[in-house]
Each structure stands twice: as structure tokens, then as C-alpha cells.
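Please read them with the structure open beside you.

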Amino acid sequence: MPKKILIQKKNWMKLSRNWLRSVYYDTKNELKDLRISLPPQLARAESMLGWPAKAVHALAARSNFDGFVLPGSEQDPFGISGVLEDNDFDVELPQAVTSCLVHSVSFLTTTAGDVASGEPEVLVLARSARHGTALVDRRRRVLRSALAITDVNEAGEPSELVMYLPDSVVTVSKSVAGVWRVDRRPNVTGRVLVTPLIYRPELDRPFGHSRISRAVMQLTDAAVRTFVRAEVGGEFYASPQRWALGADEDAFGGDEKRWRAVMSRMLAISRDEDGNLPELGQFPQMTMQPHSDQLRMIAGLFSGETGLPLSSLGIVHDNPASAEAIFAEKEDLVIETGAANRVWGSALRNVAVNTVMVRDGLDSVPDELRGLQSKWRNPA
């Protein structure tokens with residue numbers, strides 16, 4: 001198979017997986033019925049569980065960026081905070097972090113703004129992996145090029161694309177008449193002005209892993225099935241099943257009579273034609289305990305996979321936990337957040353360098369910028 005076709009196939013696979021993770025994040029995943037214990041009419045039941053979104057938000061909420069510092073120098077010597085404030089970065093960055101955790105990567109673009117039209121001097125924008133991609137230069141550990149879909153038409157087809165290259169930024173837009181127009185602007189920095197924000201990068205997976213892993217999705221499906229089975233069991237639990245031997249079938253004919261027989265406090269059944277009394281009984285009352293035990297077990301596995309405390313998944317402990325136990329439950333999540341912040345800190349330093357170079361029209365990185373560091377709050 002030609003290399004070009006292989007790349008296209010791989011890109012479509014990535015796109016479908018990104019959409020799948022968005023479905024789980026938005027709690028729109030369908031029930032995956034095993035066709036064993038659920039009645040047919042509940043096979044399409046809309047049962048939702050927000051555990052995947054909780055796994056994303058719990059880590060994102062502990063990631064709080066406090067700005068840039070330069071050791072041994074005055075606070076914010078390059079005026080970066082002013083540019084970030086103009087871009088409402090306190091709102092933009094958390095969205096980029098959330099998108100990164102869902103799809104494994106998001107992108108922060110840096111371009112010159114149109115001041116005459118009211119834009120900031122430098123535009124710093126977040127792009128989702130569903131609308132952006134990039135090629136990595138592994139030897140230099142930078143991007144070789146990047147592409148962002150910035151607008152779509154009513155049919156959902158791309159109508160505006162932006163290509164980021166080391167020497168230029170190319171905007172390709174489609175007019176109402178269907179004519180494509182190209183606007184090429186020089187990039188004097190010599191850098192691809194796109195920075196990937198990556199969660200759990202690896203040598204074989206430079207764009208990292210999604211927080212909504214295959215294990216998270218499988219456990220969510222199992223929990224949803226357990227929840228639906230509990231709904232079915234709850235109906236039988238609320239209305240215990242009775243049986244009658246030797247009773248006239250007409251006494252229970254029709255749905256209305258059956259329901260009345262189930263719900264009535266007193267059940268009156270006449271003798272049969274031979275004068276014998278029917279024999280009545282009740283099946284042993286079922287318990288909801290197996291369902292709750294199974295849900296607790298799945299929640300424990302989900303907790304181990306994501307580092308979330310069981311209490312965050314709605315599992316209530318019988319006895320109140322001590323302060324030490326509460327801290328121990330959150331330790332895995334705190335460690336995971338700290339590791340993610342270190343990786344994202346490196347990306348944000350790159351954003352700061354791009355911002356200063358675009359604003360000042362520089363073609364090389366000033367030596368003073370090389371010591372710039374990002375500061376994060378303690379995730380604990």
C-alpha cells in the first residue's frame with residue numbers, strides 16, 4: 001500500500017477515535033447490550049454516566065497556571081502577562097487543557113493580530129485535535145508544520161484552513177461562490193508558531209495518550225450496563241412476583257387486571273368450578289445488593305485506572321474517612337497532575353517565546369528568554 005494512502009488511513013483512524021472520546025466525554029455513548037439479561041425494550045435505554053468527564057475535570061481542575069517567572073530578574077520582564085490578559089488566557093488555557101486530556105493533545109497557536117480591527121497585538125488561540133494536526137521533527141523536538149481548520153460551512157466541510165510553516169503562515173479560505181483564496185504572510189521567526197499541549201507523551205507516541213483510555217471506556221460501558229440491570233431489577237423489587245395454582249385464568253386476563261393483582265393489598269380469587277380454593281404463593285423477594293456490589297467493584301477498577309477517589313464516583317463509604325485516608329486517596333491524582341504540569345510547562349514556555357518573537361519581530365530567541373520558567377500552583 002502506498003505511503004500516502006497509509007497516512008490518510010491513519011489520519012481517519014485518529015479522527016474517528018477523537019470523535020469516540022468526545023462521545024464518552026459528552027456522556028452520549030450508547031448502551032452496549034450483551035443480550036443476556038436485559039429485556040429487548042430496554043436495549044435502547046438512554047442511561048448516562050459521567051465518569052469519563054469526571055476523570056478529565058478532576059485533573060484539569062488541579063492544574064492552575066500562575067504565570068511566567070525569570071530567576072534573578074524583575075517580575076514579567078518581557079511583558080508577557082499583558083499579552084496573555086489581552087487573549088483572556090485564564091479562560092483559554094483551561095479549555096486547551098481539557099481538550100488535551102480528552103484527545104491526548106491540543107494546540108496553542110501564536111500569530112500577529114489585526115490591531116486595527118480590535119484584535120490583540122499577538123493572538124494566542126487554542127485548537128482542538130478534532131480541528132488540527134501537525135508533523136513532528138523528532139530530531140529537533142519541534143513541529144515541522146501544522147494545520148488548523150478555523151471555519152466550516154453548513155454541511156460541516158472545511159471552509160477555512162490555516163497552515164503554519166517555518167517561513168510563512170498560509171490562510172486558505174473558500175468564498176460563497178466556491179472559489180478558494182490563498183493569503184500567505186511571512187514568518188520572520190523561522191519557527192512553526194504552533195505548540196502542542198500533550199498528555200503523557202511517549203517516544204512511540206509523541207502526541208501522547210487520552211485520559212479517556214480504552215480501559216476507561218470499557219469500564220464505563222460495564223457500569224452503564226450494571227445501572228440498567230439495576231433499573232430492571234428495581235421494577236421487580238418494587239412489585240414482588242406471586243403465583244397461583246388452580247385459579248381461573250380469566251381472573252388475570254388483560255394488562256389492567258394483572259397490574260391490579262400485583263399492586264392490590266388484598267387479592268380476592270373465587271373457587272374453581274369444582275369448589276376448590278386456588279393455591280397462592282409468592283416468589284422470594286429479590287435484593288438489589290448484587291447490583292450495588294458490582295457497581296462498587298467497577299468503580300474501584302475505574303478509580304485505580306484514573307486515580308479518582310471512590311467518593312468522586314458517587315461511592316459512599318460506610319464509615320467517615322480520616323484526614324490521612326482522604327489525602328492518600330487523592331495522592332495518585334496529585335502525582336499525575338504534577339507530572340502533566342511539568343510537560344505542559346515546557347509547552348507554555350515555548351508559547352511565551354513565540355509570543356515575544358512575534359510581537360517584537362525577532363528572528364532568533366533572546367538569551368534572556370532561555371531561562372524563562374512557568375509556574376503552577378501545588379496540585380495538592
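1. Helix α8 (323–360) gives the most to the lining of the second largest pocket, with eight residues; helices here are DSSP runs of H or I with at least four residues, strands are runs of E with at least two, and both are numbered from the N terminus. Besides α8, the elements β4, β5 and β9 (194–198) each supply at least two residues of that lining. A pocket is an open set of points on a 1 Å grid over the protein atoms alone, with protein on both sides within 12 Å along at least five of seven lines, and a lining residue has an atom within 4 Å of a point.

2. The model is a predicted one, in which local features need pLDDT of at least 70 and side-chain atom pairs count only at pLDDT 80 or more, while totals for chains, interfaces and linings use all residues. Residues are numbered from 1 along each chain as its sequence is written, and side-chain values use heavy atoms, with hydrogens and water left out.

3. The second largest pocket holds about 1,100 Å³ of space, a volume being the space filled by probe spheres set on grid points that are joined across faces, edges and corners. It is lined by 33 residues, of which Arg-140, Arg-141, Val-142, Leu-143 and Ser-346 are the closest to its centre. By class the lining has 20 nonpolar, five polar and eight charged residues, where Ala, Val, Leu, Ile, Met, Phe, Trp, Tyr, Cys and Pro count as nonpolar, Asp, Glu, Lys and Arg as charged, and the others, Gly among them, as polar.

4. How many cavities of 30 Å³ or more does a search of the whole structure find? The search finds one, a cavity being a set of points where a 1.4 Å probe fits but cannot get out. The largest cavity contains about 40 Å³ of space, and its lining includes Phe-107, Arg-127, Tyr-164 and Val-194. β5 (142–152) gives the most to this lining, with three residues, and β2 (105–112) and β4 (132–137) each supply at least two. Six of the lining residues are nonpolar, three polar and one charged.

5. Helices α2 (residues 51–61) and α7 (residues 289–306) pack at an angle of about 30°, with their axes 11 Å apart; axes are lines fitted to C-alpha atoms over the stretch in contact, and angles run from 0 to 180 degrees between N-to-C directions. The contact (heavy atoms within 4.5 Å) is made by Trp-51, Pro-52 and Ala-55 of α2 and Leu-295, Ile-298, Ala-299, Phe-302 and Thr-306 of α7. This contact has seven nonpolar, one polar and no charged residues.

6. Helix α2 also packs with α4 (residues 89–103), at an angle of about 140° and with the axes 9 Å apart. The two helices are therefore oblique to each other, since angles under 35 degrees count as roughly parallel, over 145 as roughly antiparallel, 65 to 115 as roughly perpendicular and the rest as oblique. Val-56, Leu-59 and Ala-60 in α2 meet Val-97, Thr-98, Leu-101 and Val-102 in α4.
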